[in-house]
Amino acid sequence: MAGECAFCAADVDDAPPRERAVRTDRWRLVVHRSALPGWFLLMPRRHIESLHEMTAEEAADLGPLIQRASALHVEHFGALKTYVMQFAEGVSHVHFSLAPRRSDIPADRIGPASMGFNSKDETLSTERRDEIALQVARAWGAGGGDGDT
């Protein structure tokens, strides 16, 4: 399965910044193609299809990584909070959608309706996603992060 996985195939050293904004030994933070700037995907670097397959180390890393990404949402994207979603249906590789909930988000895009940023709007350009990824990498590194950015 891992050989067919788009997420696994994109985890290479020469991938564009959007695919490797932050990388640790076990996790990778990606700038999603969403129309909402700051929508991240957090995924294990090892191919797993369900949460119960995580190792104890992967599970231990998860909370602090979500917290750091949420802090970036607040500090750099004006978020009030971070929405955290995990379905892994479109790509059968565990991944968490981390979406910044800003005060200016329209009422029809709050909560589960935030998925409309991914299905109803024009997505961010690859250039814009790369710019965001480089900003995220700098901010993460400035915080003494785990990433090898």
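Reply: What follows is a walk along the sheet, then a look at its surroundings.

A word on the model comes before the walk. It is a predicted model, where local features need pLDDT of at least 70, side-chain atom pairs count only at pLDDT 80 or more, and totals for chains, interfaces and linings use all residues. Residues are numbered from 1 along each chain as its sequence is written, and side-chain values use heavy atoms, with hydrogens and water left out.

Now the sheet. It is open and has five strands, in the order E1-E2-E3-E5-E4, with antiparallel pairing. The labels are DSSP runs numbered from the N terminus: a helix (H or I) has at least four residues, a strand (E) at least two. Two strands pair if DSSP finds at least two bridges between them. Strand E1 (22–23) and E4 are the edge strands, and each of them pairs on one side only.

Start at E1. A hairpin of three residues links E1 to E2. The two strands pair in the antiparallel sense, over two bridges. Val 22 stands opposite Leu 29 of E2.

Next comes E2, residues 27–31. Five of its five residues are buried. Here buried means under 20% relative accessible area, exposed means over 50%, and partly exposed lies in between, with a 1.4 Å probe and protein chains only. Both faces of E2 are covered. Trp 27, Leu 29 and Val 31 are buried on one side, Arg 28 and Val 30 on the other.

E2 runs antiparallel to E3, and five bridges join them. Val 30 has Leu 41 as its bridge partner in E3. Val 31 is partnered by Phe 40.

E3 covers residues 40–44.

The last pair is E5 with E4. Seven bridges join these two antiparallel strands. Val 84 has Leu 98 in E5 as its bridge partner. Between strand E4 (79–86) and strand E5 (96–102) there is a loop, and Ala 88 sits in this loop. Ala 88 has a positive phi of about 55°, although it is not a glycine. Ala 88 counts as buried because its relative accessible area is 10%.

What lies against the sheet? Helix H2 (residues 56–77) lies across E2, E3, E4 and E5, at about 25° to E5. Helix H4 (residues 126–142) lies across E1, E2 and E3, at about 135° to E2. The axes behind these angles are lines fitted to C-alpha atoms, for helices over the stretch in contact, and angles run from 0 to 180 degrees between N-to-C directions. Contact means heavy atoms within 4.5 Å.

Glu 131 belongs to helix H4. It counts as partly exposed because its relative accessibility is 41%. Glu 131 and Arg 18 are 113 residues apart in sequence, yet 8.0 Å apart in space, C-alpha to C-alpha.

At 27% relative accessibility, Arg 45 is partly exposed. It touches Asp 11, Arg 23, Thr 24, Asp 25, Arg 26, Trp 27 and Arg 28, leaving out residues up to four places away in sequence. Arg 45 and His 95 are 50 residues apart in sequence and 10.0 Å apart in space, C-alpha to C-alpha.

Last, the largest pocket. Its volume is about 420 Å³. On a 1 Å grid over the protein atoms alone, a pocket is an open set of points where a 1.4 Å probe fits, with protein on both sides within 12 Å along at least five of seven lines; lining residues have an atom within 4 Å of a point. Points are joined across faces, edges and corners, and the volume is the space filled by probe spheres set on them. Of the 22 lining residues, Phe 7, His 32, Arg 33, Leu 41 and His 95 are closest to the pocket's centre. Helix H1 (6–10), E4 and E5 each supply at least two lining residues. H1 gives the largest share, three residues.
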